[in-house]
Amino acid sequence: MDSEISSWIVLAHLIRPQGRKGELLAELLTDFPDRFVGREDLFLAPPGFGGPQDEARRIDVTSSWLPVGKNAGRVVLQFAGVNSISDAEAIAGLDVIVPTVGRLQLDAESIYVSDLMDCVVFDGLTQIGKVIDVQFPTAADGTRLEDAAPLLEIESGEGNEILIPFVKVFLESVDTLAKRIVMNLPAGLLDVNR
């Protein structure tokens, strides 16, 4: 791999040790939790890292599993060479990242959340604002509601936050390279969400 890579995708954020043998509980930021083990392109870095590959720490995930109960929706990761609670504490707070070029291909109907960031959203020809986040509705216990549409969090030109459901029925076109999303929104939706 090229040592000049500076475009990264965050797959997980390490929260704290989870067990006595160096396992770590992590916020899961990928829809592919079963693909941590065996990857040769995983690295650890501080949140917001944008530097070259040789400034990140290459890591191997030896095992992973999805916890149940209060930690459902997260992942537990075990790394090669991290064998104790103190080893795990030393890397807690870091992100598990992969070079953008190494991310998995999606089907034609799917889009990476990171590709939606900073896209300018239009309702027809009217500019609404820029995507600053994508929210996934959750139940009271924090588990993701699988049947609920994600919400585009948009910052308008006036600085207002607008939430718009990211659903196929509203979409006219998505061009992530041009950072442009064109929607056909129902009358009144923008007023309700301002």
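Q: How many residues does the protein have, and what percentage count as buried?
A: The protein has 194 residues, of which 35% count as buried; buried means under 20% relative accessible area with a 1.4 Å probe, protein chains only. This is a predicted model, in which local features need pLDDT of at least 70 and side-chain atom pairs count only at pLDDT 80 or more, while totals for chains, interfaces and linings use all residues. Residues are numbered from 1 along each chain as its sequence is written, and side-chain values use heavy atoms, with hydrogens and water left out.

Q: What does the secondary structure come to?
A: There are three helices and 13 strands, taken as DSSP runs numbered from the N terminus: helices are H or I with at least four residues, strands E with at least two. The C-alpha trace spans about 55 × 40 × 30 Å along its principal axes.

Q: What share of the contacts comes from residues 24 or more positions apart?
A: Such residues account for 57% of the contacts with a separation of 6 or more, where contact means heavy atoms within 4.5 Å.

Q: Moving to aromatics, how many pairs are there?
A: The count comes to two aromatic pairs. Rings of Phe, Tyr and Trp (its six-membered ring) pair if their centres lie within 6.5 Å; planes under 30 degrees apart count as stacked, over 60 as edge-to-face and the rest as tilted. W8 and F43 make an edge-to-face pair, at 5.3 Å centre to centre and 70° between the planes.

Q: Which elements hold W8 and F43?
A: W8 lies in strand β1 (residues 8-17) and F43 in strand β3, so the pair ties together parts that are 35 residues apart in sequence.

Q: Are those two buried or exposed?
A: W8 counts as buried at 12% relative accessibility, and F43 counts as buried at 2%.

Q: And what about W8 and F49?
A: Their ring centres are 5.8 Å apart and the planes are at 55°, so this pair is tilted. F49 lies in the loop between β3 and β4 (57-58) and W8 in strand β1, so the pair ties together parts 41 residues apart in sequence.

Q: New topic: where is D41 found?
A: D41 is in the loop between β2 (24-28) and β3 (43-45). This residue is buried, with a relative accessible area of 13%.

Q: Which side chain does D41 join in a polar contact?
A: The side chain of D41 is joined to that of R39 by a polar contact of 3.0 Å.

Definitions and conventions: Buried < 20%, exposed > 50% of the residue type's maximum accessible area, 1.4 Å probe, protein only. Polar contact = N/O pair within 3.5 Å; in protein donor to acceptor, adjacent residues only side chain to side chain.
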